[in-house]
Structures are given as C-alpha cells and as structure tokens.
Amino acid sequence: MAPTIEDRQFTDSSTLINFVINRGNGVKGLSEMGLKALPKPYIQPLEERLCMTKFVPQQSIPIIDMSHWKNPRVASAVCDAAEKWGFFQIVNHDVPIEVLNNVKDATYRFFDLPADQKNKYSKENSASSNVRFGTSFSPETEKSLEWKDYLSLFFVSEEEASILWPPVCREQVLDYIRRTKVVIKKLLQMLMDGLNVKEIDETKRSLLMGSMRTNLNYYPICPDPELTVGVGRHSDVSTLTILLQDEIGGLYVRGNQGDGDNWIHVPPIKGSLVINVGDALQILSNSRYKSVEHRVIANGTKNRISVPIFVNPKPTDIIGPLVEVLQNGEKPIYKQVLYSDYVKHFFRKAHDGKKTVEFAEI
Ligand SMILES: CC(C)(COP(=O)(O)OP(=O)(O)OC[C@H]1O[C@@H](n2cnc3c(N)ncnc32)[C@H](O)[C@@H]1OP(=O)(O)O)[C@@H](O)C(=O)NCCC(=O)NCCSC(=O)/C=C/c1ccc(O)cc1
Ligand SMILES: O=C(O)CCC(=O)C(=O)O
Ligand SMILES: [Fe+2]
C-alpha cells in the first residue's frame, strides 16, 4: 500500500520523536492521525512479539473471592497464588465499583487533554519528578519503542498531590489509593503470616508499603499491533501491584508449565482487581513469592487503559531477605540493596524480562 501523507511525514525518525516525545502528542497523537502503517521505531524484533502459538487458552491465573477474607482458606489461596503464579485476581474486595469507574473516567479525562496541557507534566517540564507524563518506558535506552503513553504519580502526601497532580484526575486517583489501601493491608498481612512474620511493625510496614506510585496507562489503537507491544516483557519492582484494567484485555502473564515459554491471558472481570508480586517482595521473601514476567499487546481496533498502583518500600529503605525467612537456616539468595538504587537500575534500561532482579543477587 502506498504511504499516506501522514506516514511520509514520519519517514525521518527525529521528526517522529519530536512529535511524540518532545511536543507531548504521545502515541495517542500518532494514533489519532489515522496512520496506515506502524512507524519504524515501534517495530519490535520478532522474539519480542507475542506469537499466538505460545498462548495457552485453557489456563487461567487464580481468582480469589475476598468476601470471607478472615477465613484461613482465603489466606492460603493468596499465599499459594503468590508462590506458584505470582499473579491472581480478587473479587468482592470491598473497593466500590464507583471508585474504580471514576478513576477510569479520570484517566480518559487526562489523556483527552490537549498535548500542550499534558506536556506540562513531561520529564523536562514537570514541577516535580514525582509527577511525570511520558510515552513508551525508557525511550532514551530502548532499541524499539512501546505503544503506550502514561502519567506516573508518586504519592508523598495529600497536600503535595493537591498542588502537583493534574486537577482532572487528582481526587479520583487519591480516592482509588485510599480505598485500595484497605485490601492491600489485608493481602500483605496474609502473605507475611505465610512467611512466619508474626507482626508488621513500623520497619516492616515501610518495607512492604512505605511508598506508592500510581500509573495511568493509555494504549491507543495501533495500525499494526502484531509488529509491536503495548508493554514489553518485565516484572514490576514493587512489593505488590494492584491493577485495574478495563474490559478490552491484552495483559499476558508467563505461565508455569513445561519450559515456561507459554503465556496466559488475564481476562477482564467486571469489578475485579489484578494483583501481582513484584521484585521487592520476591527479594524480601528470599524467592518464596515470585515476581512473574508479564507483557501487554497492542490493539488494532480499541483504545485500552489500565491503572496500576505499585506498592513499594520507601526509596530510602534497604531491602534484603527478612530475618524470619532465614530463621530455618535457609541461605539468602539476595544481598541488601538500597531500594532507590534498585528502582533507578530498573528505569535506566529497556524492559528485559526478569533481569532487574540480578542487581540484588548475591
Ligand atoms: C528512583 C525514583 C524512581 C526517582 O527518584 P529521583 O530522585 O526523582 O531520581 P531520578 O529523577 O534521577 O530518576 C531516576 C531515573 O528513573 C527515571 N524515572 C523516574 N521516574 C520514572 C517513571 N515514573 N517512569 C519511567 N522512568 C522514570 C528517570 O528518568 C531517571 O532516569 P535517567 O533520566 O535515565 O537517569 C524514586 O522515586 C524511587 O526510588 N522510588 C521508589 C518507589 C518507586 O517509584 N518504585 C517503582 C514502582 S514502579 C513499578 O513497579 C513498575 C513500573 C513500571 C512502569 C512502566 C512499565 O512499563 C512497567 C513497570
Ligand atoms: O496494562 C496492563 O495491563 C499492565 C501494565 C503493566 O504491566 C505495568 O504498568 O507495569
Ligand atoms: Fe507491570
């Protein structure tokens, strides 16, 4: 097919980078121009594209009903899922559906702002590094870009948020964090019980949930979804991630069958939240709980959004296997690392599967 006028505008990759990154149009701006072909910088190498033969349709990650959360069977299902899958969905979790719908609406409101308004929050222009609008993951270091725009909000206090966060989504994100915290605490309590950690004192509370980062992700319609990715293979660097996805689907998790070269779709379930173990919890638990690789495909017909809350240690915390976990004589697999060093290492390279955790290995 002959290239359209718009495609020809971007034969030069510096013009494309200027439009998408520097001027704040993002991939949403590209998508809305009605491009007929995927621009070259987004073409991923073959091995990074999700080949459908590796997709296991009959498998599913566990779905856990939280309505009787005090029942020991729920705790046992949570610990089991964190060990074997690193991923599960929760239903009847008590976060009201309106809160979830409101944060999804707020996500659309933010991304529907004109480019110059969103660009006020770019790395170059933002009043604080705690608020950042961007595209792809780490464009300076990536060989191929990812088909995703995001707004990343690091929570310090409600006061700071009221000054720094975009007014079109601030209250809805704060409400989502407030209401979700209740279920995060329950899950962490269950997971710590499973490790023989009897009490979550202030030091442990900080290691487990000392900081939170909420991302609003926007994956616009892609002209050639098979050639690119929404998000490349990675594990999160959090302790736990709480993910709200919409009804579109497209998130895949690495399966635990055979050689592990199989991917399982995470089906959207109305009102559910997806929970996954991050590297920090894998390290604290000396690998009892597993952070599992996941990726997001691009979509050729629908825009998709998702809203993860990354529950993390504080940047100034030092993380390593918990003493309670090593009490039985188990050998530590990880050394003590400053959490902000760990996160910087993650952000300064392209997505590369599970490689980040090598930074903490002994
Ligand atoms: C090190 C942090 C992140 C930033 O501190 P800073 O003092 O402002 O440091 P820098 O401004 O020097 O940022 C370090 C590098 O990280 C980059 N960065 C700074 N925030 C960001 C940002 N939200 N986005 C993508 N680069 C950034 C930033 O551009 C910079 O890269 P470079 O310019 O190449 O040196 C600091 O806030 C910190 O230690 N936070 C701990 C809590 C935390 O944020 N944890 C991460 C949870 S996020 C997570 O689990 C998964 C996230 C994720 C996200 C996207 C995915 O596709 C997949 C996964
Ligand atoms: O959009 C999704 O479903 C997952 C996004 C993700 O993995 C992330 O932001 O870390
Ligand atoms: Fe992720």
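**Close-up views of a helix pair and a ligand site**

**View 1. Crossing of helices H4 and H8.** In this predicted model, the axes of helix H4 (residues 72-84) and helix H8 (residues 170-193) come within 9 Å and cross at roughly 80 degrees. Angles of 65 to 115 degrees count as roughly perpendicular, and H4 and H8 are therefore described as roughly perpendicular to each other.

**View 2. Side of contact between H4 and H8.** From H4, the residues Val74, Ala75, Val78, Cys79 and Ala82 meet Leu187, Met190 and Leu191 of H8. The residues of this contact divide into eight nonpolar, no polar and no charged.

**View 3. Polar contacts of ligand 2.** Oxygen atoms of ligand 2 are approached by polar side-chain atoms of Asn217, at 3.3 Å, and of His234, at 3.1 Å. In the side chain of His294, an N or O atom is 3.1 Å from an oxygen atom of ligand 2. Taken on its own, ligand 2 has 290 Å² of accessible area, of which the protein covers 94%.

**View 4. Shell around ligand 2.** Strand E5 (211-219), strand E11 (294-296) and strand E12 (304-312) are the elements that give two or more residues to the shell around ligand 2, and the largest share, four residues, comes from E12. The residues that surround ligand 2 include Tyr219, Asp236, Leu243, Leu251, Val296, Arg304, Ser306, Pro308 and Phe310, together with Asn217, His234 and His294. By residue class, the shell divides into six nonpolar, four polar and two charged residues.

Conventions. Residues numbered from 1 in each chain as written. Chains lettered and ligands numbered in written order. Predicted model: local features only at pLDDT ≥ 70, side-chain atom pairs only at ≥ 80, totals over all residues. Heavy atoms only, no water. Near = heavy atom within 4 Å. Polar contact = N/O pair within 3.5 Å; in protein donor to acceptor, adjacent residues only side chain to side chain. Areas by Shrake-Rupley, 256 points an atom, 1.4 Å probe, with all protein chains shown as cover. Nonpolar A, V, L, I, M, F, W, Y, C, P; charged D, E, K, R; others polar. Axes fitted to C-alpha atoms, helices over the stretch in contact; angles between N-to-C directions. Parallel < 35°, antiparallel > 145°, perpendicular 65-115°, else oblique. Contact = heavy atoms within 4.5 Å.
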